[in-house]
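This report goes through a structure one topic at a time. Please keep the sequence and the 3D view open while reading.

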Amino acid sequence: MDELERKKNIRRTTLIVVAVALAFYVGFIMMGVMRS
Amino acid sequence: MTTAVADAHAAEDHDDHGAPAGIKRWLFSTNHKDIGTMYLIFSLVMFFTGGAMAMVIRSELAVPGLQFVHPEFFNSMTTMHALIMVFGAVMPAFVGLANWMIPLMIGAPDMALPRMNNWSFWILPVAFGILLSTLLMPGGGPAGGWTMYPPLILQTGDAFPFLIFSVHLMGISSIMGSINVIVTIINMRAPDMTLLKMPMFVWTWLITAYLLIAVMPVLAGAVTMLLTDQFFGTSFFLAAGGGDPVMFQHIFWFFGHPEVYIMILPAFGVVSEIIPTFSRKPLFGHDSMVYAASCIAFLSFIVWAHHMFTVGMPLTGQLFFMFATMLIAVPTGVKIFNWVATMWRGSMTFETPMLFSLAFVFLFTIGGFSGLMLAIQPADVQYHDTYFVVAHFHYVLVPGSVFAIMAGAYYWLPKWTGHMYNEKLGKLHFWASTIFVNITFFPQHFLGLAGMPRRIPDYSVQFADFNLISSVGAIGFGLSQLLFVLVILTAWKGAKATDRVWEGSHGLEWTVPSPAPWHTFTTPPKARIAGESFE
């Protein structure tokens, strides 16, 4: 794996993980909004 | 190991620029070893800060009646002690170990996102500075317990928004740290190191990082809603406005229970590295350990309501959460079995890291058994909010997580400093800690079974004897930890450590010189996996 491809993979993994974290944050607040 | 050694030394030869000098080295560091060191020092400082609060708590509880502090301050101490120990001591200590060891174990030159790594660390002192400053604010520090249940927590004085802000900062730091761990492990491993060839410490941290990604945002969401309830007129958790305070408990424990495993899975990883080394055998059932850790992580998401049995829930809910909780004993049992099987017929020696690991296996199991007792819903109705619970989780967290951190620190200290620590002092630290930790927490089981509630500054006289014993043990345990500081301060005076350090050690981290050079594995090594050297 060359350096450029590794950087691309790092960026992709980071974005996926950040998206998951944000989904949990927003998702649980939305759950609170729906219930209140 | 020859190839890896050659690569590691080659990497050292390429190290044409060393560490910057002065404060800038630490403020702007992007080096995983420096950041790991900062995490570890920070967690030690927080360990003593939270420990000082524990001394206040145990001094007040040594005899019946009010002695030293106002009850409100006592409540503040229990709240702050928990927050500081969980988020300031145990979690950063494991992140410190991860920073130091994961790149070395997988043959990576550094963490994948080094600048974010710097941010992850430097957010922490700010977060805890803010949290500790609340003790000086009108109304005092937060005193509603680390669980921050509304409506009680909304009665906090000026400290409330600062508490919420600091919890957010701690969460952001943890999330950034776990993003870094995941991205590093997924993308930076040495070319022929497949996932199942990774050392157990790396595996347990990968699973822990996924847990963190899933649950820290949930805590952040919960405290954000608390903040808007207090200041922006919402009623998420306020019954008067149509909200539901029990919903907070569900959300909090959806975070809180996996949080327990966030603090114990890396401990499993550390112990899984140490026991094979000092048994001079490969880890028994490496793959089954991975599957067991994954099972524990999955189950941790579906047991949260066992913390809320007394709140009231349908019978089917009680049964589900009771049996799901009990199920965790199965993968945990697999792990205990594998550690014992690793030691079976091994050429065991008992250096300090091994002693702490053995104590971990025995004493964590005691905490696990009392956890099983608490999982039984009808029994939990009696045990709930008593000192039995305090005894249970302290057995899991002190001779569990903290002992594993100590074991890891002793195990890798020669690799970090390049010198062997004082073994006699280390063993003295171990024996003093083990004796006093049991004197502190074992009597609390009896206090709980006799009905002494948690979070009270005063109690009935029938609880006096065991409380005094517990307080004597706590002060002994606190003083014993000064020995650990002495070990660290004198660590540079010991004999020069070899690259391998321990006779039975294996894995890439032992192929680099001791102390580990500032840059390692700038050229990916040919990974020789854990266990291969035994074939």
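## The contact between the chains

Chain B and chain A bury about 1,800 Å² between them, and 78% of that area is on carbon and sulfur atoms. The model is a predicted one. On the side of chain B, 25 residues take part in the contact, while chain A contributes 18 residues.

The rule finds one salt bridge across the interface of chain B and chain A. This salt bridge pairs B:D244 with A:R35, and their closest N and O atoms are 2.9 Å apart. That distance is within the cut-off of 4 Å for a salt bridge. Polar contacts also cross the interface of chain B and chain A: the rule finds four residue pairs, with both residues of each pair at pLDDT 80 or more.

## The side of chain B that touches chain A

Three helices of chain B each supply at least two residues of the side that touches chain A: helix 6 (159-187), helix 7 (200-231) and helix 8 (245-279). Helix 7 of chain B gives the most to this side, with eight residues.

Sorted by class, the side of chain B that touches chain A has 18 nonpolar residues, five polar residues and two charged residues.

Helix 15 (423-449) and helix 16 (464-489) of chain B each supply at least two residues of the nonpolar patch.

## Backbone details in chain B

B:P515 is in the segment after helix 16 of chain B.

Another backbone detail concerns B:R280. This residue is not a glycine, yet its phi is positive, at about 55°. B:R280 lies in the loop between helix 8 and helix 9 (286-300) of chain B. Helix 8 is also one of the helices that supply at least two residues of the side of chain B that touches chain A.

Definitions and conventions. Residues are numbered from 1 along each chain as its sequence is written. Chains are lettered from A and ligands numbered from 1 in the order in which they are written. This is a predicted model: local features need pLDDT of at least 70, side-chain atom pairs count only at pLDDT 80 or more; totals for chains, interfaces and linings use all residues. Side-chain values use heavy atoms; hydrogens and water are left out. Contact means heavy atoms within 4.5 Å. Buried area is the accessible area (1.4 Å probe) that two parts lose on being put together, summed over both. A salt bridge is a side-chain nitrogen of Lys or Arg within 4 Å of a carboxyl oxygen of Asp or Glu. A polar contact is a pair of N or O atoms within 3.5 Å; within protein, one must be able to donate a hydrogen and the other to accept it, and residues adjacent in sequence count only if both atoms are side-chain atoms. Helices (H or I, at least four residues) and strands (E, at least two) are DSSP runs, numbered from the N terminus. Ala, Val, Leu, Ile, Met, Phe, Trp, Tyr, Cys and Pro count as nonpolar, Asp, Glu, Lys and Arg as charged, and the others, Gly among them, as polar.
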